[in-house]
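Subject: Handover of a structure and notes on its aromatic rings

Dear colleague,

Please find below the structure that I am handing over to you. My notes on it follow directly after.

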Amino acid sequence: RCKNLSVSFWNSYWMLPSDVCGMNCFWEAALRYDYMKTHPSERMHLAVVACGERLEETVTMLRSAVIFSIKPLQFHIFAEDQLHESFKDILDDFPYEGKVNYTLYPITFPTESAAEWKKLFKPCASQRLFLPLILKNVDSLLYVDTDILFLRPVDDIWSFLRKFNSTQIAAMAPEHEEPRIGWYNRFARHPYYGATGINSGVMLMNMTRIRRKYFKNDMTPVRLQWGEILMPLLKKYKLNITWGDQDLLNIMFFHNPESLYVFPCQWNYRPDHCIYGSNCKEAEEEGIFILHGNRGVYHDDKQPTFRAVYEAIKNYSFGDDLVHSLLQPLELELRKTTHTYCGRVYEVFVKQLTNSIRDLYARRSKG
C-alpha cells in the first residue's frame with residue numbers, strides 16, 4: 001500500500017523520479033488504469049434524490065463523482081419539477097463529454113399511497129425505496145444522499161459489487177462504530193440490522209437481485225418481493241420509526257441479514273465518526289473515501305472541517321490544477337479547525353484526497 005505524501009511534498013514529487021514510494025504509487029495507478037481500459041464494462045449508475053434547497057448540494061456531489069472517476073458515469077437524478085431546468089443548465093456545462101450522461105426524473109410514488117410516502121421523514125426521502133421498481137432496466141446502482149462527497153473514484157465503491165456473495169443484494173455501512181453513542185441500540189422501537197443499525201446514505205444495490213428476491217418478514221410466513229413488502233412494512237411500523245425509509249431498510253435487513261454486504265466506515269464517514277472523538281479506525285489508517293455531511297454540517301459553522309471540504313469542491317473549477325486550486329487551499333482551511341474534535345484529525349480528510357489526485361495525474365501521464 002502506498003504511504004501518503006503530504007501536500008508540502010507535491011511540488012517536488014514529480015521532479016524526483018528516484019523517490020521509491022512516488023514511483024511505486026505512479027505505477028500502481030498506471031496498472032489500475034490499464035486494467036480498466038482492457039476490462040470495459042457498462043457505465044456506473046449513480047442515483048440521487050433532490051428536493052427543496054438541495055440543488056447546489058447535489059451538483060457539488062456530482063462534481064466530486066466526475067473529478068476522479070475512471071469509467072463513464074450515468075446519473076439518475078430524481079428531482080422536483082421546478083429543479084429540472086436548473087439541473088439541465090448546470091449539467092450541460094460539465095466539460096466531460098462522453099464521460100457523463102444524465103437523466104432527470106420526476107418524484108413519483110405509488111398512486112394509492114403517495115401521500116403517506118411523501119410525508120415520511122423528509123420530503124422525497126423515501127423515493128430511494130422505489131428505485132429498483134422504477135429503473136427496471138438498470139442492473140446495478142449506487143444511491144447516495146445529496147450531502148455526499150466522493151474523495152476517491154466511484155469505480156472503487158462500484159467494485160464492491162464483485163465482492164457480493166450469492167445471497168447479497170446490497171451494501172451499506174454501519175450507522176455507528178461506537179455502541180455507546182449509537183442511536184438504534186439505545187432508542188429504536190423496531191428491529192434493526194446488526195449491533196448499531198445501518199446508514200442508507202450510501203447504498204450500493206444489485207437491483208436485478210433485489211427485484212428477484214423474496215424477503216422474510218414478521219408480517220406473514222409468506223416471503224414477499226420488494227414491491228410487495230414496502231407498504232405493509234410502513235403500515236406496521238409507521239408509529240415506531242424515526243428515520244423513515246432508513247428504518248424500513250433496517251427492519252428488512254434484520255430479517256434478511258444474509259442479503260447485506262457491510263462496507264467499512266470510511267466509505268460513509270459522518271460527523272458522528274469524529275465529533276465525540278475519532279472512532280473510525282479505517283479512516284485513521286487510510287483516510288476518508290466518501291464524506292457524508294448529514295445534519296446540515298456543510299451549511300453551518302458547527303463542523304467547520306466538513307464545511308471546508310464541501311466549499312473546496314464546490315468552488316473548484318474543472319480543468320484547474322487540483323493540487324494548487326483544491327488540495328493546498330483545503331489543507332490551509334482545515335488547519336484552522338483544530339479547535340474542534342473533527343479538526344484534530346483533519347489529516348484523515350485529505351489523506352485519500354491526496355492519493356486520488358496523485359492517481360489522476362498518473363493516469364493522465366500514462367495516456
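The notes below concern the aromatic rings and the charges beside them.

This is a predicted model, in which local features need pLDDT of at least 70, side-chain atom pairs count only at pLDDT 80 or more, and totals for chains, interfaces and linings use all residues. Residues are numbered from 1 along each chain as its sequence is written, and side-chain values use heavy atoms, with hydrogens and water left out.

Rings of Phe, Tyr and Trp (its six-membered ring) pair if their centres lie within 6.5 Å; planes under 30 degrees apart count as stacked, over 60 as edge-to-face and the rest as tilted. By this rule there are 19 aromatic pairs. In one of them, W117 and F130 have ring centres 5.0 Å apart and planes at 85°, so the pair is edge-to-face. Both W117 and F130 are buried (under 20% relative accessible area; exposed is over 50%, partly exposed in between, with a 1.4 Å probe and protein chains only).

F160 and Y261 form a tilted pair, with 5.5 Å from centre to centre and 50° between the planes. F160 is buried at a relative accessible area of 6%, and Y261 is buried at 17%. Ring pairs link F160 and Y261 with F164, F263, W267 and F289 into a cluster.

A charge sits over a ring if NZ of Lys or CZ of Arg is within 6 Å of the ring centre and within 35 degrees of the ring normal. The charged end of R152 sits over the ring of F289, 4.3 Å from its centre. R63 lies over the face of F318, 4.6 Å from the ring centre.

Yours sincerely
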